[in-house]
Amino acid sequence: MKPKTQFFFQSRWLLFFIVTLFLLHPFSTQGQLQGLKTEYEATPLGIDLPQPRFSWQMQTHAEQFNQYQKAYQITVYDENQNTVWETQKVNSAVALGIRYEGSPLKARTRYLWKLKVWNEKDAVLEAESWFETGFMAALSQFENATWIGSNQLSFYSQYTSVYALEYTLQLPNFGSTAMVFGANDERLRDRNLNLQGVENTLNQSYIKMELDTRALPQGGVAQFHVYRVGYAPGDSDQQAFASFPISAALLNAENALEAHTFFAFSNFGMFSFYIDKVDAEHRINPDPEGGSPYGPKGLNLNPIGPGNNFISYPMVAEIGVSVPRGQSAQFSQLQVKNYRYPNNTLFSSEVQPFDFQNDQITTQDGVYTVNAEKATVFAVVDPSHSGTPLLRTTFDLAPKKIVKARIYATARGIYELYLNGKRVGDAYFNPGLTQYNRTHLYQTFDVTDLLLEGSNAWGVGLSEGWWSGNITYSGEHWNYFGDRQSFMGKLVVTYEDGTETIINTQPKDWKTFVRGPFVWGVFSKAKYMMPAKKPPLKGGLGPIMTPLLGLQLRKSAWRRAPPRVRLAIRKGENTAWTIRK
């Protein structure tokens, strides 16, 4: 049996050990502050609200009960360490949405805010954060910056599924001839790229719109035949996919040999055809009965089926002519246009003449004469031209220490910025979706670390986005706000001595280029398509946006950025933007 004295000393050591563990346990810690936010963002850059809201959290311990905030105090300082607001000690447990009530915030200024919180034990917890203002709704901040871009519409025919075709055709005698489009769709050249399981060689897939006047001398009516070839099993070049009689009031034996203009409108593969004029009386194909009251009407040429959410066929792809042996014809004014009003021209044979490289086709004054007396003529070309707009400027900085540098940027469309070879920011689809004719957002970027001593290069890549892309699943909502993209931005470099260098978007200082590595920015697919061609560079391409960023560019390839990009807006729509001068 152990002596009681020994047991007493052992018990004291055990008690001392337990107390020590208790004192060292997190139960006794006071915690800390976390999640400091201004206007619900951590260290936001470029906010415009005159009274931003502050919020924070207390870090607590799961093993400890009854933890809470008893009071807080916020102090806000400007860049000169002057106090612009101090709440004093506020007895409140509120830690969310505390509205700023200090001196008016200045534009383009960083503010430091310090926080004190008293917890349930009256222990003081401290933390700090910052926020930086943008233009503070002062429209003059964008003064001397203008919209710049390219007035050249981008057109990549393999990805254009909502469009209008227009062409003029004249036959020297009664017969048949056709315009061809949708030829050599890249997806139909490989069975692994389409659901129909078809695989075609060159010129085995196309859509053909044929005018047939052979029955007119015998008192019959002219026919408008539509052929779909190579798009799905069962398609035939011998049997028309659909045929429509043309009213004698529109086309008859007396006027059949005159020049007639034909129109075809495609809304994701749903077609409407017209002769000489686009109205109900000149419509060639009637609307079929039934179908959705909300969807587009017309002849469906999409082998997948009708519907805006389907994979779309046919694209414009390659276009051209088809004239049977023994026939001749004259084509002119072949145009591809935007589907939506005002239907601006994407391609025109008068502006970008065809090069069919066919001895049976001659051209004079914009008229293409096809002579198929000895052999059938089938000739198509790729009408694609002009990729997504690229913008670029260079500038020199003073040999002084830089304190900070900010880019303020927005676009009609979506944009990506590059400065001296580096991408600016990590967001996509800026400036975001708004009702652009009423509200237009801009972004602020800290580019202090991207600037170089001496010469610098600033580049911008544009694409359609919601501004001029497909804003919904309906084709009639393409280029809803405008049909081409533009950019407006300002770079402000602040030196240690308080002076500034400001670079604005001005036509005299910026160049534009539309034949870069990106031929099409398909917003709905969130992807850029690249052609197998090199940009106008001396040396290697390097990173894909390198042509914007300081390699030796062939200067002749770049053009001055136009000062005012023409817009395509529906009648009655307000195009004003609050920041546009």
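Me: Where does Q435 lie?
Reply: In the loop between β27 (422-424) and β28 (443-446). Keep in mind that this is a predicted model.

Me: Is Q435 buried, partly exposed or exposed?
Reply: Partly exposed, at 42% relative accessibility.

Me: And how far is Q435 from W467 in space?
Reply: 9.4 Å, C-alpha to C-alpha. In sequence, Q435 and W467 are 32 residues apart.

Me: What about the bond from Y341 to P342?
Reply: Cis again, with omega near 10°. P342 lies in the loop between β19 (327-337) and β20.

Me: Switching to aromatics. How many aromatic pairs does the structure hold?
Reply: 36. One of them is Y206 with F378. That pair is tilted, 4.9 Å centre to centre, with 55° between the planes.

Me: Which parts does the Y206 and F378 pair tie together?
Reply: Y206 is in strand β12 (residues 206-212) and F378 is in strand β23 (residues 377-381), so the pair ties together parts 172 residues apart in sequence.

Me: How are F354 and Y368 arranged?
Reply: Edge-to-face. The centres are 5.6 Å apart and the planes are at 65°. F354 lies in the loop between β20 (345-348) and β21 (361-364), and Y368 lies in strand β22 (residues 367-372), so this pair ties together parts 14 residues apart in sequence. F354 is buried at 10% relative accessibility, and Y368 is buried at 4%.

Me: Which rings link into a cluster?
Reply: Y163, Y167, F181, F224, F262, F271 and F273, through ring pairs.

Me: Which residue lies over the face of Y313?
Reply: R187, at 3.8 Å from the ring centre. Likewise, R423 lies over the face of Y428, at 4.6 Å from the ring centre.

Me: On to the core. How many residues are in the largest nonpolar core?
Reply: 53. Those with the most contacts inside it are Y167, M209, F224, F273, F331 and V336.

Me: What is M209 in contact with?
Reply: Leaving aside neighbours within four places in sequence, M209 contacts residues including L165, Y167, F181, F224, A264 and F273. A second, separate core has 25 residues, among them A411, L417, V447 and L450.

Me: Where's S205, and is it buried or exposed?
Reply: S205 is in the loop between β11 (176-183) and β12. S205 is buried, with a relative accessible area of 0%. Beyond neighbours within four places in sequence, its contacts include N184, D185, L188, N200 and Y231.

Me: Last topic, backbone. What is the phi of N66?
Reply: Positive, about 60°, although N66 is not a glycine. N66 is in the loop between β3 (53-58) and β4 (69-77). N66 is exposed, with a relative accessible area of 59%.

Me: And N420, what's the phi there?
Reply: Positive, about 55°, and N420 is not a glycine. N420 lies in the loop between β26 (414-419) and β27. N420 is buried, with a relative accessible area of 17%.

Note on methods:
Residues are numbered from 1 along each chain as its sequence is written. This is a predicted model: local features need pLDDT of at least 70, side-chain atom pairs count only at pLDDT 80 or more; totals for chains, interfaces and linings use all residues. Side-chain values use heavy atoms; hydrogens and water are left out. Rings of Phe, Tyr and Trp (its six-membered ring) pair if their centres lie within 6.5 Å; planes under 30 degrees apart count as stacked, over 60 as edge-to-face and the rest as tilted. Helices (H or I, at least four residues) and strands (E, at least two) are DSSP runs, numbered from the N terminus. Buried means under 20% relative accessible area, exposed over 50%, partly exposed in between (1.4 Å probe, protein chains only). A charge sits over a ring if NZ of Lys or CZ of Arg is within 6 Å of the ring centre and within 35 degrees of the ring normal. A nonpolar core is a set of buried Ala, Val, Leu, Ile, Met, Phe, Trp, Tyr and Cys residues joined through side-chain atoms within 4.5 Å. Contact means heavy atoms within 4.5 Å.
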